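Take a look at the model below.

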Amino acid sequence: MSHALQDPRPARKSAAPAGLTRGGLPRWAPAAIAVLSIALGCGIGAVAGLHSKIQWGLIASLLFIAVTYTASAVVENRRQAKDRVATSLVWVSFVLAVIPLLSLIWTTVSRGLKALNADFLSHSMNGVTSFEEGGGVYHALLGTIEQVALAAAIAAPIGLLTAVYLVEYGRGPLAKAVTFFVDVMTGIPSIVAGLFILTTWNLMLGFGPSGFAGSMALSILMMPVVVRSTEEMLKLVPNELREAALALGVPKWRVILKVVLPTAIGGIATGLMLAVARIAGETAPIMLLVFGTQLINSNPFEGAQSSLPLYIWEQYKVGSDASYDRAWAAALVLIAFVMILNLVARGIARWKAPKTGR
């Protein structure tokens, strides 16, 4: 009897709240709001007599956020409007961060290409006065490559072994002290590292200026970056891999050498390349320890050398049109050098990634 009284028709679902079922903005709305905000920002800036394009851009950014919130609140609801405002803030922050970078790249490329050619890359400044046209950056490029390579040869093994100790063996006060000093070294100014090597290597031990002295100062700046990046990569290696190898009776040092390091080699190489890119643009230690020269010196252990950052500073200091062109061209070469290092790091990381099966 109770079954016969039941209604066979399915029960209707309760209606959703009205605030959640209103219409939505079309997909092209953010782009249209962005164009409208840019036009209004430029118009307001021109009418107000603001000569800085940065001020116009800030006005347009504020208008974009305000118009987005208003349109979403009217058409959709306040909850969706707040979500769109958060998304708009992310996009505005991204654009504000990218614009200076693109401007820097465009300025460097447009001005650097005036003097950048094969002769510029294959000749030094020997016999060329700073006010004349011509000359090249070969001696500075050679010095940068040698100094950075020596710094990496010094800092990479020390940083790698320090990171292995902190992750695999480090316990107690000693590990805490090492971690503390690595953190302190991360914030050391480059001029302090240069003064330390100048005091110990040049003044106390009596050695003269050389590319190797500059490399030792650069290695001090490079070590904490290598330690930190390598430490984080080693921590990402699953403990199950270590335990499986130890269960087979393999010694711990061999587990680290054959299991842990190969698993994290991609991230370690990336951190190493980023550390190299970080020291490639340092000028203060080179000025103190390498001194700079207009001649080609392929021996980094004897005599003054040059480097790309020091060459840029020297040419810009002269103040002539020719020296400005050489400075911008050298800056373009330095950016290309750092970019190549980053591409190499990305390639190694992708090649050694665990998903490739290598």
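In which sense, left-handed or right-handed, does helix 5 cross helix 8? The crossing is right-handed. Right-handed means that the near helix is turned clockwise from the far one by less than a right angle. Helices here are DSSP runs of H or I, at least four residues long, numbered from the N terminus.

This is a predicted model: local features need pLDDT of at least 70, side-chain atom pairs count only at pLDDT 80 or more, and totals for chains, interfaces and linings use all residues. Residues are numbered from 1 along each chain, and side-chain values use heavy atoms, without hydrogens or water.

Back to the pair. The axes of helix 5 and helix 8 come within 6 Å and cross at roughly 35°. Axes are lines fitted to C-alpha atoms over the stretch in contact, with angles from 0 to 180 degrees between N-to-C directions. The residues of this contact are 20 nonpolar, seven polar and three charged.

Now pick one residue. Ser215 sits in helix 8, which spans residues 211-235. Ser215 counts as buried because its relative accessibility is 0%; the cut-off is under 20% relative accessible area, with a 1.4 Å probe and protein chains only. Beyond its neighbours within four places in sequence, Ser215 is in contact (heavy atoms within 4.5 Å) with Glu146, Gln147, Leu150 and Ala151.

Next comes the core. The largest nonpolar core has 43 residues, and Ile197 and Met222 have the most contacts inside it. Such a core is a set of buried Ala, Val, Leu, Ile, Met, Phe, Trp, Tyr and Cys residues joined through side-chain atoms within 4.5 Å. Helix 8 gives this core its largest share, 10 residues.

How values were computed
Helices (H or I, at least four residues) and strands (E, at least two) are DSSP runs, numbered from the N terminus. Buried means under 20% relative accessible area, exposed over 50%, partly exposed in between (1.4 Å probe, protein chains only). Ala, Val, Leu, Ile, Met, Phe, Trp, Tyr, Cys and Pro count as nonpolar, Asp, Glu, Lys and Arg as charged, and the others, Gly among them, as polar.
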